[in-house]
Structure formats: structure tokens, C-alpha cells
Amino acid sequence: MPSFFRFPILAGVAASALATLTATGPAQADRIRNPTAVFAGLDKITGRIISFEVAIDETVQFGALQLTPRVCWTRPPTEAPQTDAFVEVDEVTVKNEYRRIFTGWMYAASPGLHGVEHAIYDAWLTDCKGGTELVVEPKEPEAPPVEDTRRPRTPARDPNLPPPGQQPAPPSGGRIDVEPPRGVPVQPQRPSQRFFPTNPVPGRDPYMGGN
């Protein structure tokens, strides 16, 4: 005669086996390192869009923007599609000054997330190509830092300062500080390729016409 406890016991064994498989299953995130990043560039004056390829650690110039990708990742077919690249973008001003206006990740699936802001030109990542190196990294997130409860959450306010939201009036005849120019000054880079959707401004590229 079959036991009345057979089915509960079998269910318990199956649940235990499932938990073991979950704990010991694949916990790695596979990524492919690519040697080439593919960008699209927009000239907002003419509406022209061009596509250009840039090797990792190579600097190219698109209009007044210089782009240097540092790494470009894709996912293998077994993973969810994701293409992203870490890119540095410098602006060459009309005064021949080089300023870093963007440093961060660009996502091919969400081009609006990157922070390149320019009045005339725009550039975004579209693809990474040529990769054969598979990099395996753990998926487990890092533990959040433990907050030190012994420190005060807000520093004590100086009683001699005006209340928050109220700024003192500038002194009569005194200098008023203004917002500094956008971007951080950087050393000029010699681009290996140049893409000018419109006629370049004279003096914007110090290497034009040079060797």
C-alpha cells in the first residue's frame, strides 16, 4: 500500500534539488571586448548624419568634437543584448582651446543617456565590432557601504551665515563671479582621422594642412 507521506517527501526532495541547482548554477556575466567602436555623427546645421569607426584608444575628430573610445563591450548570443563603450569627448573651440565635455559610458540601445552637449555637432555609439576576447565577470553586486552612524548627518551651520536660500547682495562696485567656461581644459590631441560635415572653421584644427 502506498504511503501517504510519499508525495510530500518527493516534493521536498525536488525543492531541495532545485535550490541546489540555483545556488550552484552559472553566476557569471559574459562580455566581449571589441577593438573597434562605431559612432554616428550629426551635423545639426545641415541635418547630415555620417557613420565612422574608431579603434580603441584612437582619437578622431568629428566637426569640433574629438572622440576617444577606451573600451567597447558587447554580449555573446547567449546573453541579453547590450552594447556600450567608455568614451572621452573633447571640444575644440573657435579659440583653439581643448575642453573635456564628456567622460563616461555610451549605450547603443539608449543614445539619449550620454551627456555630449554641443550646439552644432552630436555623436553617439551605434555598435562595437571585431571582438573575439570573451571576458567573464561575476554577476553578484557589491555589498553597499555601511553607514557610520556616529557621524552627524548634517554639519552644524555657521550662525553668522545667512539662512539657506538667501544670498548676500554683492558689494557696491565689487566683482561678481560668473560661471566658468563649460568643460575642463585638456592637452591638444592629434586626431588620426577627421570628419567635417560642414566647412571647418579656420584655426579650429591646428593640425589641418600639417604633417
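Guide: Two strands pair if DSSP finds at least two bridges between them. The model discussed here is a predicted one.

Visitor: In E8, which residue is the bridge partner of Thr36?

Guide: Strand E2 covers residues 36-43, and Thr36 has its bridge partner in E8. Strands E2 and E8 pair in the antiparallel sense over eight bridges. The partner of Thr36 in E8 is Lys129.

Visitor: Which residue does the disulfide join to Cys72?

Guide: The structure holds one disulfide. A disulfide requires two cysteine sulfur atoms within 2.5 Å, and here the S to S distance is 1.7 Å. The residue joined to Cys72 is therefore Cys128.

Visitor: How many residues apart are Cys72 and Cys128?

Guide: Cys72 lies in strand E5 (residues 65-74), whereas Cys128 lies in strand E8 (residues 121-129). The pair thus links distant parts of the chain, and the separation is 56 residues.

Visitor: Is the link of Cys72 and Cys128 left-handed or right-handed?

Guide: The angle about the S-S bond is -75 degrees. With this value, the link of Cys72 and Cys128 is left-handed.

Visitor: Are Cys72 and Cys128 buried or exposed?

Guide: Buried means under 20% relative accessible area. In this model, both Cys72 and Cys128 are buried.

Notes: Residues are numbered from 1 along each chain as its sequence is written. This is a predicted model: local features need pLDDT of at least 70, side-chain atom pairs count only at pLDDT 80 or more; totals for chains, interfaces and linings use all residues. Side-chain values use heavy atoms; hydrogens and water are left out. Helices (H or I, at least four residues) and strands (E, at least two) are DSSP runs, numbered from the N terminus. Buried means under 20% relative accessible area, exposed over 50%, partly exposed in between (1.4 Å probe, protein chains only).
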